[in-house]
Protein chains: 2
Amino acid sequence: MASRIRLSPAERREQLLDLGVRLFARRSLDELSVDAMAQEAGISRGLLYHYFGDKLGFREAVVRRAAADLIATTAPPATGEPLERLLHSMTGYLDWVEVNHEGYLSLVRGAASDATLREVYDEARHALTDRIFTSDDTGLLPDTPVVRLLVKAWAAFAEELVLSWVASPGEVTREQVAEMLAGSLPALVGAAEGERLT
Amino acid sequence: MASRIRLSPAERREQLLDLGVRLFARRSLDELSVDAMAQEAGISRGLLYHYFGDKLGFREAVVRRAAADLIATTAPPATGEPLERLLHSMTGYLDWVEVNHEGYLSLVRGAASDATLREVYDEARHALTDRIFTSDDTGLLPDTPVVRLLVKAWAAFAEELVLSWVASPGEVTREQVAEMLAGSLPALVGAAEGERLT
């Protein structure tokens, strides 16, 4: 980061954002301070303010970038069996939360009381769950009000499952978590559809 | 509430707490103020402080009482088919959240950033999920690390399902929500057990 190569303003902004996202992985949002940036990369308060307005502007830019990374990481492959694609997507989710545990936890908690964080969090969650319907060309998930509600609640299930496991894995293996993540959605939909038909 | 009957200090404290819990149902915790109490029942700031120490002490007492009500309301019947008992318990949960929607939502959100609220919230959730294992004499839920983790994540599912539905029921009926709440747990455990055995 201490490179002497002259960067364009856009490149410099990107560089600061990349560093912010790396810090986000291992720290809570409250710790994503100008001081932390200064310590890691000798970046001055003035420079950060120049590019991001203020501390909250920087925090928001980092969180938006992190959320975009999450959405990209969890993109399912374009082809394959629906369950394989779901497993791939949820393994990506598990990977991302493991790497970004501290930051993600602080985003989840912060979203409860901070309107900006809540917006980013809701957008990311909505993108993740909405994609399940748009990428489902198999009819695995009928697009009904019941299934929409179910998928929303399942996203909370997946988040709690991964955050609890990362915090305290105990005797549960990574493979078991990945399989629970992918297997849970079809099981829930199957149960709800069964009830609907009776 | 404006009764002139002389109450013992313990009765008076109970009465204030009951009123607080009723206010909690329809207001967020931030609105559970001394002013609201004064407006509803002509109770003075001094009286409230006398019984509960300060505003936060009163809030904590109200939230603990509300959590105890939730745990009592969702107690499953001692006998019956396991799924019937679970349905009974989850219908109680749905009833309680509907009545106490505003307060419960503010407890869930407040628990993210307030240590005292988090403690009450975690205790209540733990009591609810722990009871599923202790009241299960049927082997419906094997007490394994995987199933413990699953039940913890399922509690987040149930919470999101009910809060989302109460906020915006759309075309989903109350019966569908109750059946999803009760049917989801066996479906999830069945899927996880199936995976474990393969």
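**Conventions.** I am working with a predicted model, where local features need pLDDT of at least 70, side-chain atom pairs count only at pLDDT 80 or more, and totals for chains, interfaces and linings use all residues. Residues are numbered from 1 along each chain as its sequence is written, chains are lettered from A and ligands numbered from 1 in the order in which they are written, and side-chain values use heavy atoms, with hydrogens and water left out.

**Entry 1: the two copies.** I asked how chain A can be laid on chain B. A turn of 180 degrees with a shift of 0.0 Å along the axis does it, at an RMSD of 0.0 Å. This is the relation of a two-fold axis. In chain A, the C-alpha nearest the axis belongs to A:Phe157, 2.3 Å from it. Both copies use the same surface, as 100% of the contact residues of chain A recur in chain B. For the superposition, least squares was applied to the C-alpha atoms of residues with pLDDT of at least 70 in both copies; contact means heavy atoms within 4.5 Å.

**Entry 2: H6 against H7 in chain B.** Helices here are DSSP runs (H or I, at least four residues), numbered from the N terminus. I looked up the axes of H6(B), residues 101-111, and H7(B): they come within 8 Å and cross at roughly 115 degrees. The axes are lines fitted to C-alpha atoms over the stretch in contact, with angles from 0 to 180 degrees between N-to-C directions. The two helices are therefore roughly perpendicular, a label for angles of 65 to 115 degrees. From H6(B), the contact uses B:Leu107, B:Val108, B:Gly110 and B:Ala111, and from H7(B) it uses B:Leu117, B:Arg118 and B:Tyr121.

**Entry 3: B:Arg125.** Buried or exposed, I wondered about B:Arg125? It counts as buried, because its relative accessibility is 16% (buried is under 20% relative accessible area, exposed over 50%, partly exposed in between, with a 1.4 Å probe and protein chains only). B:Arg125 sits in H7 of chain B, residues 115-134. Leaving out residues up to four places away in sequence, B:Arg125 touches A:Glu160, B:Lys152, B:Ala155, B:Ala156 and B:Glu159.

**Entry 4: B:Leu140.** I found B:Leu140 in the loop between H7 and H8 (145-167) of chain B. Its relative accessible area is 35%, so B:Leu140 is partly exposed. Beyond neighbours within four places in sequence, B:Leu140 contacts B:Pro82 and B:Val189. I also noted a C-alpha separation of 9.9 Å between B:Leu140 and B:Leu185, which lie 45 residues apart along the chain.

Notes
Parallel < 35°, antiparallel > 145°, perpendicular 65-115°, else oblique.
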